[in-house]
Amino acid sequence: TNIRSYTDQNCAMEGAKAFRDVYTTGKSVKGFSWEITRKDGGKKHAEVSASLIRDGEGKGIGFLGIIRDVSERKYAEQRIKSSLKEKETLLKEIHHRVKNNMQIIISLLRLQSANIKDKKYAGLFKDSANRMKSVALIHETLYRSKDLASIDFNGYVKSIANPLIRTYTVTPDRIKLNTTIEDISLGVDHAIPCGLIINELISNSLKYAFPEDGIGEIEINLRSINEDEMELTVSDNGIGIPAEIDE
């Protein structure tokens, strides 16, 4: 049957090209996806397999082809993709709203700390605000990410560490941040605790390792040990832990 008898011109040309390639190269095609547009405008999705029929001398004399209607499967796939897109949009909006709500709490903590004269208690509010920010950054990163299942940890670490250095030091340039982080993506369940750990360790380094505006470096390393394990190291070249403290 001539495909021009039941398809529009463009669709007929697409099908003819596929069969012409089979004839020219002699190679069979399997699972060729073909959207058939009928003359009445209706559409069907088909999978086409075709091979060349040869005579006794090896000359091509025709085609052996199978055309299978896969319209229902294609429509089901489109419905699934549409549903996933809606859920992804909703999830992004949830991450955005969570981040905004946490940002409000952070702002309230900072406003409150500004009215506290005792440095000890003001510091507690500042530490709490920084912990909240490390979690809020997770939701902000996911909101902007194309992949809602994982987080680019290298960028996330820097987004935590650099603001902390500016917060705890009068002259941020005196503290150098060095990061050696493998190309690793973490899920939310792992990224949040890792972020909180990094927040605590960097905060402690900035508060205690470099007294009297000392100059120093903070280093963060993350590497994969195997498929199920990673190693996170946070260190500094400050004064170290006093001898009288039991490690």
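## Starting with K207

Is K207 buried, partly exposed or exposed? K207 is partly exposed, with a relative accessible area of 33%. Please keep in mind as you read on that this is a predicted model.

K207 has a charged partner in D127: the two form a salt bridge, and their closest N and O atoms are 3.0 Å apart. K207 lies in helix α5 (residues 188-209) and D127 in helix α3 (residues 119-144), so this pair ties together parts that are 80 residues apart in sequence. D127 has a relative accessible area of 11%, under the 20% cut-off, so D127 counts as buried.

How many salt bridges does a search of the whole structure find? The search finds six, and the K207 and D127 pair is one of the salt bridges in this model.

Let's turn to E47 and R73, whose side chains meet in a salt bridge of 2.6 Å, N to O. Here E47 sits in strand β2 (residues 43-54) and R73 in helix α2 (residues 71-114), so the contact ties together parts that are 26 residues apart in sequence. R73 is partly exposed, at a relative accessible area of 38%. E77 comes into the picture as well: E47, R73 and E77 are linked in a network of salt bridges.

How do the two partners sit relative to the surface? E93 is partly exposed, with a relative accessible area of 30%, whereas R97 is exposed, at 54%. The cut-off for exposed is over 50%, so R97 at 54% falls in that class.

## Strands around β7

Which strands pair with β7? Strand β5 (residues 175-181) and strand β7 (residues 216-224) pair in the parallel sense over seven bridges. In this pairing I175 stands opposite G216 in β7.

Strand β8 (residues 230-236) also pairs with β7, in the antiparallel sense and over seven bridges. R223 stands opposite E231 in β8. The strands β7 and β8 form a hairpin, with five residues between them.

Definitions and conventions:
Residues numbered from 1 in each chain as written. Predicted model: local features only at pLDDT ≥ 70, side-chain atom pairs only at ≥ 80, totals over all residues. Heavy atoms only, no water. Salt bridge = Lys/Arg side-chain N within 4 Å of Asp/Glu carboxyl O. Helix = DSSP H or I, 4+ residues; strand = E, 2+ residues; numbered from the N terminus. Buried < 20%, exposed > 50% of the residue type's maximum accessible area, 1.4 Å probe, protein only. Pairing = 2+ DSSP bridges.
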